[in-house]
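Please open the structure in the viewer and keep the selection tool at hand. The tour moves from one selection to the next and describes what is found at each stop.

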Amino acid sequence: MRSLFRFVICAALSCVPVFAFAGQPLETESARVLRAHEAELEMGFERQQGEGTSETALPFAIGYGLTDRFELLIEPVLYDRISRERAPSVHSFGDLELTLTRRLSSRETRGTVFAVALEAKLPFAKSPQIGSGRTDITFWGIASRRFGALDVGGGAGETRARSRAPARAPCRV
């Protein structure tokens, strides 16, 4: 009953309108980092459906500007539920991601800005069907450019994953 109550509260809070022009939370890498001591909070509600499978998740993000060039982003998945036909559903916390981003240019410009980031995904999900069950480290190179009010960005990354035992089939929706 407590889990249902927490889910309803989190879902209701994620429906509060926020007046900002941005993409879906947690889905964008940007070379434009928060200024020193600035913070941002993001929360989303995700619902995905596939053949005989559905997933509901409540991702959350806390970003903090450590300096004018460094930003720390903490992204826990507060709730994740996977339901399958002819199988019991599973629910748990999801994995946790920590990202440290460093803007390479000395000051914010209207032109192209470059950054590098180190992202660590830590396995916190209690259920083996949720999350990967292993620690992943990703190195990112990111570029962002402003065109008026539009900020366009892109990145390339390399992921290194620690092996896990025993191996199991991946569960993707």
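Select Lys121 and Asp136 to begin: their side chains meet in a salt bridge (3.4 Å, N to O), a term for a side-chain nitrogen of Lys or Arg within 4 Å of a carboxyl oxygen of Asp or Glu. Lys121 lies in strand S7 and Asp136 in strand S8 (residues 136–147), so the pair ties together parts that are 15 residues apart in sequence. Strands (E, at least two residues) are DSSP runs, numbered from the N terminus. Both Lys121 and Asp136 are buried, where buried means under 20% relative accessible area, exposed over 50%, and partly exposed in between (1.4 Å probe, protein chains only).

This is a predicted model, in which local features need pLDDT of at least 70 and side-chain atom pairs count only at pLDDT 80 or more, while totals for chains, interfaces and linings use all residues. Residues are numbered from 1 along each chain as its sequence is written, and side-chain values use heavy atoms, with hydrogens and water left out.

Asp95 and Lys121 are both buried.

Now select Glu158 and Arg160, whose side chains meet in a salt bridge (3.5 Å, N to O). Glu158 is partly exposed, at 42% relative accessible area, whereas Arg160 counts as exposed at 54%.

Finally, select Asp95, Lys121, Arg134 and Asp136 together: salt bridges that share partners join them into one network.

Methods. Helix = DSSP H or I, 4+ residues; strand = E, 2+ residues; numbered from the N terminus.
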